[in-house]
Amino acid sequence: VKNSKPIVQSNMKVCLLVFSIIASFQFTLAAEVVSPEGVIVRSEGIKEIATNLNIAWKVYENDTIMIELKAPTLGWVGVGFGTTTSMTDADFYYVEGSSFVDAKGVDNAKPVTDPNQHGTNFSVTRESGITTMKFTRSLDTGDSDDYVFVPGQEVPALWAYGDDSAQEYQETTNRGFTTFTLTEKAFSSGINKIASGRIVGFRAYNDGTTKQMVFEFTAPTVGWLGIGFGVSRTMVGADIVYYAAEVDNGPWKLKDSKASKNGAPIDDASQDATFLKYTSGVGTSTIRFVRKFNTGDNDDFVIPDEGTFDVIWSCGHNDILDYHGKPHRGSITLNISNTTTPNNDDNTGNSGSDGNDGNAGNDDSSNDGNNENNNPDGGSEEDETNDNNKNDEKAGGSTRNFPVSFPILFLSCFVLYWI
């Protein structure tokens, strides 16, 4: 009996250690990219290198990329990015047998396995003398060892393969370098930098059957975000899409709504906006969603095939949708053409106003002072930077600044120390 306490303590330590490792592993996986199935393809193509040797890709609107390498072998295959001169420092991915590896290239030697593996949705097939490797990863994994893919830009790439099942260094044969460009599929696009870190961007797609538009709104807050269509400098009659929590500390949801007056909009019976991605950083956040030009819903604004249309924007400090205050709203005009206009830094083709100029959030400007004094969201524009400590994990998708495994392991070690 006297010795039972040390045994119990030892067992508790083992259990806690095992739990921390499992929890760390699961939470780290949760930070990975989601399946791109059903997400709009932003760029796609195939680079033919030789007979039965090519690199194919698809970039999705949730900032993931699918890479496929096909090579004339039944052995190992590999593809790398970031260099066209040597293997050194290349972000290299290969398969040997049925194992997929994310690695870093070194000169004249086998690549070194990365401590953080970022490939998902991996598959490999071997038939008729050809091996096909396919995987998905984020455009930017946040890992300094990984190449950052940028839509619209050229990608330096290298490839290699061998007849053995295990990956090995290729002296001169069965390897080479190439480039390919992640050409955008959008028939029109633009980025409107309004003021004080607020940005509204769009990309318009037409697959021959359906026209869709991707919207992206960035604001210097980690509170709720919203943009509306079809009106300028007022909420009345606006078709509004917002991203917020329904209750404090509850899950965040993207809502398609209609504003019949200056106040909280009413959610539509038909939800026609689809969530794509949410990210947050130090005092700033971005929501991305897609909707059809014409949803068929009478409550939704019909986006014109060409020309201009008005957009209002607003944001708040809180998780729950509330009054934004005069500095946190405004209106802009977006221009759809058959020519893409990426990186629209000078607002060419788009006009807009900051919240200090427009009344997009409240048509009756005479009430602005009272509303701001009585509402916690009525602070000054500089107050938005105080949101840094808020939770940036919004349900439905977000980007972590660090894996959740770190605090779990730290807490576990602290508990173990005191047992």
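This is a predicted model: local features need pLDDT of at least 70, side-chain atom pairs count only at pLDDT 80 or more; totals for chains, interfaces and linings use all residues.

Is Ser128 buried or exposed?

1. Ser128 is exposed, since its relative accessible area is 74%, above the 50% cut-off. Ser128 sits in the loop that links strand E8 (120–127) to strand E9 (130–138). Its phi is positive, near 55 degrees, although the residue is not glycine. Most residues other than glycine have a negative phi.

2. Asp89 also calls for comment, as a non-glycine residue with a positive phi of about 70 degrees. Asp89 belongs to the loop between strand E4 (77–81) and strand E5 (91–96). With a relative accessibility of 53%, Asp89 counts as exposed.

3. The mean pLDDT of the protein chain is 76, with 70% of its residues at 70 or more. Residues 340–393 have a pLDDT below 50, yet the model gives this stretch 139 contacts beyond near neighbours in sequence. Residues 1–8 likewise stay under 50 in pLDDT, and for these the model has 0 contacts beyond four places in sequence.

4. As to overall architecture, the protein chain contains 3 helices and 23 strands. It has 419 residues, of which 46% count as buried. When contacts between residues at least 6 apart in sequence are considered, 60% of them join residues at least 24 apart. The accessible surface of the chain is about 20000 Å², and carbon and sulfur atoms account for 51% of it.

5. Ala259 is a loop residue that counts as buried. It lies between strand E17 (252–258) and strand E18 (266–267), and it is classed as buried because its relative accessibility is 1%, where the cut-off is under 20%. Leaving aside residues up to four places away in sequence, Ala259 touches Met235, Val236, Gly237, Ala238, Ile240 and Pro265. The C-alpha atom of Ala259 is 9.5 Å from that of Asp299, a residue 40 places away along the chain.

6. Rolling a probe the size of a water molecule over the atoms shows where empty space is left. The count comes to 1 cavity of 30 Å³ or more, and the largest cavity has a volume of about 30 Å³. Its lining consists of Phe229, Asp239, Val241, Asp256, Asp272, Ala273, Arg291, Thr295 and Asp300. By class, these comprise 5 charged, 3 nonpolar and 1 polar residues.

How values were computed
Residues are numbered from 1 along each chain as its sequence is written. Side-chain values use heavy atoms; hydrogens and water are left out. Helices (H or I, at least four residues) and strands (E, at least two) are DSSP runs, numbered from the N terminus. Buried means under 20% relative accessible area, exposed over 50%, partly exposed in between (1.4 Å probe, protein chains only). Contact means heavy atoms within 4.5 Å. Accessible areas come from the Shrake-Rupley method with a 1.4 Å probe; for residues, only the protein chains shown count as cover. On a 1 Å grid over the protein atoms alone, a cavity is a set of points where a 1.4 Å probe fits but cannot get out, and a pocket is an open set with protein on both sides within 12 Å along at least five of seven lines; lining residues have an atom within 4 Å of a point. Grid points are joined across faces, edges and corners, and a volume is the space filled by probe spheres set on the points. Ala, Val, Leu, Ile, Met, Phe, Trp, Tyr, Cys and Pro count as nonpolar, Asp, Glu, Lys and Arg as charged, and the others, Gly among them, as polar. pLDDT is the predictor's confidence in each residue, from 0 to 100.
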